[in-house]
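Biologist: I am new to reading models. Please take me through one, feature by feature.

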Amino acid sequence: DYGPVKFMIKCFEANYPESLGVVLVHKSPWIFHSIWNIIKGWLDPVVAKKVHFTKNIEELEQFIEKSHIIKELGGDDPWEYSYVEPNVDENQTMSDESTSNRLLEERAKVVKEYESATQAWISDSQNRKALQEKRNDLAERLRAGYWQLDPYVRARSLYDRTGMIRGSEGGVIQYYGKPETPNAPKPLIASPHNGPLPTEHRADDVD
């Protein structure tokens, strides 16, 4: 399967620079290691170092908590894939162009405000704290505004149907079970991002 792996990594490398965390290739055939030596030469060295091969549950646990590894791979998570058929009218709001256009226009205005606030924040060191607060408020408006716009511009997917993406709750991402499920692992922090920021980032870096 070196073709799909090469394609996937190339997509990350070309379209999502510095966004790829880790690629795990689990229980690959022995011959794949030889093929990997060829593929590796096609990739940026920084990207290539993010690809790891695992052979067993112990090696997987170096990257993923065992409670989040599915039982099929030796973990504790009982999750099993099940395709949920789409509803006939689940994308009905996408035909409402008037609402979509209105929300897009409102969003464009906030984007302009955010750009202006950022320029002021860069150039005016004396009022940087107040300007940063303004940027944060505008960033939150953009975040919340997107999820109002979302049903008008994005078709529903399996992730929406299974409750993993919760647009009606402001874009909460719930990877492991529903919050109301007693045994579901809780997010590390109460955030729509469903996880802590990397230590090298600050809250004001993520807008």
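This is a predicted model: local features need pLDDT of at least 70, side-chain atom pairs count only at pLDDT 80 or more; totals for chains, interfaces and linings use all residues.

Biologist: What does the protein average in pLDDT?

Modeller: pLDDT is the predictor's confidence in each residue, from 0 to 100. The average here is 83, and 84% of the residues score at least 70. Helix H5 (residues 97-123) has the highest confidence, at a mean of 97, and helix H1 (residues 2-15) the lowest, at 76. Over residues 178-207, pLDDT stays under 50.

Biologist: Is Asp-150 buried or exposed?

Modeller: Buried means under 20% relative accessible area, exposed over 50%, and partly exposed in between, using a 1.4 Å probe and protein chains only. Asp-150 has a relative accessible area of 1%, so it is buried.

Biologist: With which side chains does the side chain of Asp-150 make a polar contact?

Modeller: A polar contact is a pair of N or O atoms within 3.5 Å; within protein, one must be able to donate a hydrogen and the other to accept it, and residues adjacent in sequence count only if both atoms are side-chain atoms. The Asp-150 side chain pairs with the side chain of Tyr-146 at 2.6 Å. It also pairs with the side chain of Arg-156, at 2.9 Å.

Biologist: Where does H6 bend?

Modeller: The bend at a residue is the angle between axes fitted to the seven residues ending there and the seven starting there. H6 bends by about 35 degrees at Trp-147, and Pro-151 follows within four residues.

Biologist: How many residues make up the largest nonpolar core?

Modeller: In soluble globular proteins, nonpolar side chains tend to be buried together. A nonpolar core is a set of buried Ala, Val, Leu, Ile, Met, Phe, Trp, Tyr and Cys residues joined through side-chain atoms within 4.5 Å. The largest here has 12 residues, including Val-5, Phe-32 and Trp-36. H1, strand S1 (23-26), helix H2 (30-40) and helix H3 (45-48) each supply at least two of its residues. H2 gives the most, with 3.

How values were computed:
Residues are numbered from 1 along each chain as its sequence is written. Side-chain values use heavy atoms; hydrogens and water are left out. Contact means heavy atoms within 4.5 Å.
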